[in-house]
There are 2 protein chains.
Amino acid sequence: MQDSFTQKKQSILKEISANGPENLDASPKGTIDEHCIPIINLINSHRDMVTTSSCSGRVSVYLEGTQSKLVSKGNEGKWIFVTHDTTNLAKWYNTIDFQYVHEYPASSYEARSILYKFEALILHVKCRDQATANKLYSVAMNCGFRESGIGSNYNVAIRTSIKLDVPIGYLGPDNTYRCFVTEDYLNYITNVSFDRFKENFKKLDQLHDAIEKGIINLDDESSADAVQNDSKHKSLKEWESIEERRARMKQEGLRRKEELKKAKETVTSD
Amino acid sequence: MQDSFTQKKQSILKEISANGPENLDASPKGTIDEHCIPIINLINSHRDMVTTSSCSGRVSVYLEGTQSKLVSKGNEGKWIFVTHDTTNLAKWYNTIDFQYVHEYPASSYEARSILYKFEALILHVKCRDQATANKLYSVAMNCGFRESGIGSNYNVAIRTSIKLDVPIGYLGPDNTYRCFVTEDYLNYITNVSFDRFKENFKKLDQLHDAIEKGIINLDDESSADAVQNDSKHKSLKEWESIEERRARMKQEGLRRKEELKKAKETVTSD
């Protein structure tokens, strides 16, 4: 019988490995960010850790909900634009139907705000025990992820304070997106976001290397003899590269399409 | 002999009680925010918790340092304006020698950015043991302090995501503060900050009540018999109101002035 952590871990790994464009998860984007895959695989290669959620960092433009004016999901809050990397970030505002105005609501309670946000990498990792959680927490803090913390059940949240949170407009009475900053200003904060992404990915790499050096390799050395013949451990250590993952997802997508086609044919011929 | 937690706690309480305009701590402001005093006293009334740092929330305007362009203390980063409440927030920008411009640096690396920030309540609490840390963490999370976490040595950080982080200008080559948003925009984000402060203090009150109800009162009930004659516990429970604290600080300030005067007279008469 497997212990409950290993059971939980295997069920999470199964979900992660099935996740893809045709099998979305509960996040707004629905799929795992490619930038996170190496660190997810690294962490999951350790028998005492499993990633439960991740965001590699993103720029988003958010229309606040109707009730609480503070950003929260639900109550009709809405993402107007989201990107997890820099490829479609330049001139993003040309894709939104903004009405540039010089009027401001009297307060953030008077109209639904539109906020431009940069959010850095965030990773949640479930650990088997307190010792593992403490180790991961220390490694993250030493890498400059100063807003990290351990939650209940040995869940570690890895967070930095790299951010932007800029009110840029509001929802007009006619449901138009009114923007009270200039295009030049939007262009500037977009440029700042490119810099933030750069810092963010640098920190992501540093974290990857620190976890590898400070946890994975050390634990490998100290338990090398004990687990040499432990095939369960070995199978958790086999991780895919981004290319391997892409190829597998493609194969699995094709297979699902094929199955769907067959199923439809069966229904039709009934 | 006292245990090490109680020793540490008493030394922290001594520092807190001595802190005031004439005895600054290491924070930029140097003194404890008045808004934090009730919750600090409440938490410190529990024998297994002690507050190690606090900020009740603040608006700041920060000139980034010279090296890393990401906000960090040191490397000549500088606060241009800071307030911990709403009394001197309105029209704060009239007190700064801003040059309003329509030019932008090409990136945040090219010139030192000026950022307008709203930061919410943050509280650090050292707990005696894991059970107490877990309890405090849960209470905070349930109150909506969703970025809370437990660090090493049972230190709990209580944090929310209420924030603003807005680039508003940069340091000109002639060392002028160049502002590339309009006064109207500064006025708007100031109004938004008034709303954020309101939410922030509401959440601070909720947290105070939840800690009182979920930890202090419960533990009081369950250990009432055991500690009835425990004078050490009792002395930790005696807390000052804001008014009492003000009166005491004033008295102590006067006493120190008097001592200084006497010391000077002694030097002069030597």
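**A walk through the two chains**

Let me start at one residue: Arg128(B) is partly exposed, with a relative accessible area of 27%. For the terms, buried means under 20% relative accessible area, exposed means over 50%, and partly exposed is in between, with a 1.4 Å probe and protein chains only. This is a predicted model, in which local features need pLDDT of at least 70, side-chain atom pairs count only at pLDDT 80 or more, and totals for chains, interfaces and linings use all residues. Residues are numbered from 1 along each chain as its sequence is written, chains are lettered from A and ligands numbered from 1 in the order in which they are written, and side-chain values use heavy atoms, with hydrogens and water left out.

Back to Arg128(B). Its side chain meets that of Asp48(B) in a salt bridge of 2.6 Å, N to O. The pair links distant parts of the chain, 80 residues apart: Asp48(B) is in the loop between α2 (37–44) and β1 (49–55) of chain B, and Arg128(B) is in the loop between β6 (122–127) and α3 of chain B. A salt bridge here is a side-chain nitrogen of Lys or Arg within 4 Å of a carboxyl oxygen of Asp or Glu. Asp48(B) is buried, at a relative accessible area of 15%. In chain A, Asp3(A), Asp48(A) and Arg128(A) are linked in a network of salt bridges.

Now chain A as a whole. Its secondary structure comes to 6 helices and 10 strands. Helices (H or I, at least four residues) and strands (E, at least two) are DSSP runs, numbered from the N terminus. Of the 270 residues in chain A, 48% are buried. Helix α2 of chain A, residues 37–44, is mostly covered, with 7 of its 8 residues buried. Among them are Ile37(A), Ile39(A) and Leu42(A). Contact means heavy atoms within 4.5 Å. Of the contacts in chain A with a separation of 6 or more, 71% are between residues 24 or more positions apart.

Next, how the chains are arranged. A rotation of 180° with 0.0 Å of shift along its axis superposes chain A on chain B, with an RMSD of 0.0 Å. The two copies are thus related as by a two-fold rotation axis. The superposition is by least squares on the C-alpha atoms of residues with pLDDT of at least 70 in both copies. Gly149(A) comes closest to the rotation axis of the residues of chain A, at 2.0 Å for its C-alpha.

What area is buried between chain A and chain B? It is about 3,500 Å², of which carbon and sulfur atoms give 55%. Buried area is the accessible area (1.4 Å probe) that two parts lose on being put together, summed over both. Chain A gives 39 residues to the contact and chain B gives 39 residues. The copies meet through the same surface, because 100% of the interface residues of chain A are also interface residues in chain B.

There are 16 residue pairs in polar contact between chain A and chain B, both residues at pLDDT 80 or more. On the side of chain A that touches chain B, α4(A) gives the most, with 10 residues. A polar contact is a pair of N or O atoms within 3.5 Å; within protein, one must be able to donate a hydrogen and the other to accept it, and residues adjacent in sequence count only if both atoms are side-chain atoms.

The rule finds 2 salt bridges across this interface. In one such pairing, the side chains of Lys163(B) and Asp165(A) meet at 3.9 Å, N to O. Asp165(A) also forms a salt bridge with Lys117(A), at 2.8 Å, N to O. Lys117(A) lies in strand β5 and Asp165(A) in strand β9 of chain A, so the pair ties together parts that are 48 residues apart in sequence. Lys117(A) counts as buried at 6% relative accessibility, and Asp165(A) counts as buried at 3%.

Asp174(A) counts as partly exposed at 44% relative accessibility, whereas Arg178(A) counts as buried at 13%. Thr176(A) is in the loop between β9 and β10 (177–179) of chain A.
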